[in-house]
Amino acid sequence: MEARAGLRAPPASGRAPRGRCWVLPTALLCLYGFFASLRPSEPFLTRYLLGPDKNLTETQVFNEIYPVWTYSYLVLLFPVFLATDYLRYKPVILLQGLSLIVTWFMLLYAQGLLAIQFLEFFYGLVTATEIAYYSYIYSIVDLNLYQKVTSYCRSATLVGYTVGSICGQVLVSVASWSLFSLNVISLTSVSVAFATAWFLPMPQKSLFFHLVLRSQVSREMKVLDCKNGAVIQDDAALKRVPGWEDIESKVPLNVEEHSAEPQEQKVDISKVLKELWRDFLHCYSSRPMLCWSVWWAFSTCGYFQVINYTQGLWEMVLPSQSFEIYNGGVEAVSTLLGAVAVFAVGYVKVSWAIWGEVALALFSLIIAAAVYVMDTVRNIWVCYVSYVIFRIVYMLLITIATFQIATNLSMERYALVFGINTFIALALQTLLTLIVVDSSGLGLNIFTQFMIYASYFAAISLVFLVSGIHSVMKNYRRQEEMPSRSTASTP
């Protein structure tokens, strides 16, 4: 962190004043996340597009406009993933802020099918660049602060989204504001976020392309040999690629600096891609890792589809032009209860290595039931309750999956696994959208779509139930065999 512009290394006898350096960038990033998520018009997007402001048809919105987001997100994800690291996060955060402004400006003033499809492309760019928001802070703070700052940044977006949803609902239901006015507030909020992002410090290192070369590493890290100021460490993670031995991949704590300035070393892109491929093979060769990643990818695909088209389903169940709707309130409640569930799961003591697949199966079945009820009962209040259950269960499971995947991975490998899982989810979602939703495919109506999504989650549940029962039985047999082996080996 002392490598940031304008900061000089302390004397040889001193230590870098790291204690306060993380506060400002974390606060600025949280402010950015809060205002970028404070969009009171978002829960009413479908109503706005179908209403007199845009005057689009249901077929245009559901089968021709919304699919563009899925396609653009998929196409942009991998290049944005690499560009985020290569450009060191901040430029991509600025790009996200600018894309938010363009999206909401077009939502206010663009007219016609083609213009709104371009709008969806920019929103796809917004979601693809989210990785910069969540990974920026790791290049600024020390390793021991990762968990703390991650919780701050995620809480900021959750609070922003919840406040925005509540404000939108109150302004629509109580103050009778127009949806156009809500979009003006959203545009103002994302503009504030964009302005805030300019004050973020520019990181001097990143996970893959910009690593920091130091002349001396912390006393906690074992030093084997020093030659001409270069440090050779007894750390296998730093020796995976030839030429990377002198590069610090994570910020150590309590570093005593003896050189004037740390030096940045750029890594060749071909080496980075080869290393990513080796890490990919290593990570997915583990059965538990593969299991949790498969669930993550497939369930996230279904989650994206349900979230994208839920407003459309509600619109068909209870047309917003004729009745009062409470989309904003439902989004706020589901987000808050989901956050509570995510917090509570940290205190649940379960042997996920044994019961994880069974738990995934049972909770996936609950998700399937919630989607099925939403589709078949066709009562708006039942739909709202089912949606809240759907979001709570998904947020709960994705948190468990994230923890299980991240437990034994370095930050670099976690970023890789996260990116690959998300890419697979988007590839599956693109295929599902092309077949089920897109007007060039089957172009099914919204109720038939949700029946397919319920069946999709039921299939996930069945697969993991069979796999989970097999794993539990295998573990039970192994435990039975252990006493017999120990008895046989006793003289």
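A charge sits over a ring if NZ of Lys or CZ of Arg is within 6 Å of the ring centre and within 35 degrees of the ring normal. Keep that in mind for the opening stop. The structure on your screen is a predicted model.

**Stop 1: charges over rings**

Select Arg154 and Tyr134. The charged end of Arg154 sits over the Tyr134 ring, 4.3 Å from its centre. Now select Arg378 and Phe447. Arg378 lies over the face of Phe447, and the distance to the ring centre is 3.7 Å.

**Stop 2: rings in pairs**

A pair of aromatic rings is described by the distance of the centres and the angle of the planes. How many aromatic pairs does the structure hold? There are 24 aromatic pairs.

Select Phe34 and Phe35 to see one of them. Their centres are 5.2 Å apart, with 85° between the planes, and the pair is edge-to-face. Are these residues buried or partly exposed? Phe34 has 22% relative accessibility, so it counts as partly exposed. Phe35 has 24% relative accessibility, so Phe35 counts as partly exposed too.

Go on to Phe194 and Trp198. Why is this pair edge-to-face? The ring centres of Phe194 and Trp198 are 5.9 Å apart and the planes meet at 80°, so the pair is edge-to-face. Planes over 60 degrees apart count that way. Phe194 counts as buried because its relative accessibility is 18%, and the cut-off for buried is under 20%.

**Stop 3: an aromatic cluster**

Select Trp69, Tyr73, Trp295, Tyr303, Phe304, Phe390, Tyr394, Tyr456 and Phe457 together. These residues form one aromatic cluster.

**Stop 4: helix α3**

Select residues 58-86, which make up helix α3. This helix has 29 residues. At 1.5 Å a residue, α3 should span 42 Å. Its end C-alpha atoms are 41 Å apart, so the two values agree.

Where does α3 bend? Look at Leu77: the bend there is about 40°. A proline, Pro79, follows within four residues. Step off the end of the helix to Arg88. Just after α3, Arg88 takes a positive phi of about 65°.

**Stop 5: Thr70**

Go back into helix α3 and select Thr70. Its relative accessibility is 0%, so Thr70 counts as buried.

What is Thr70 in contact with, leaving aside its neighbours within four places in sequence? Show Gln305, Asn308, Leu426, Gln429, Thr430 and Thr433: Thr70 is in contact with each of these. Finish on Thr430. Thr70 and Thr430 are 360 residues apart along the chain, yet their C-alpha atoms are separated by 6.0 Å.

Technical notes. Residues numbered from 1 in each chain as written. Predicted model: local features only at pLDDT ≥ 70, side-chain atom pairs only at ≥ 80, totals over all residues. Heavy atoms only, no water. Phe/Tyr/Trp six-rings, centres within 6.5 Å; stacked < 30°, edge-to-face > 60°. Buried < 20%, exposed > 50% of the residue type's maximum accessible area, 1.4 Å probe, protein only. Helix = DSSP H or I, 4+ residues; strand = E, 2+ residues; numbered from the N terminus. Expected span 1.5 Å × (residues − 1). Bend = angle between axes of the 7 residues up to and from the residue. Contact = heavy atoms within 4.5 Å.
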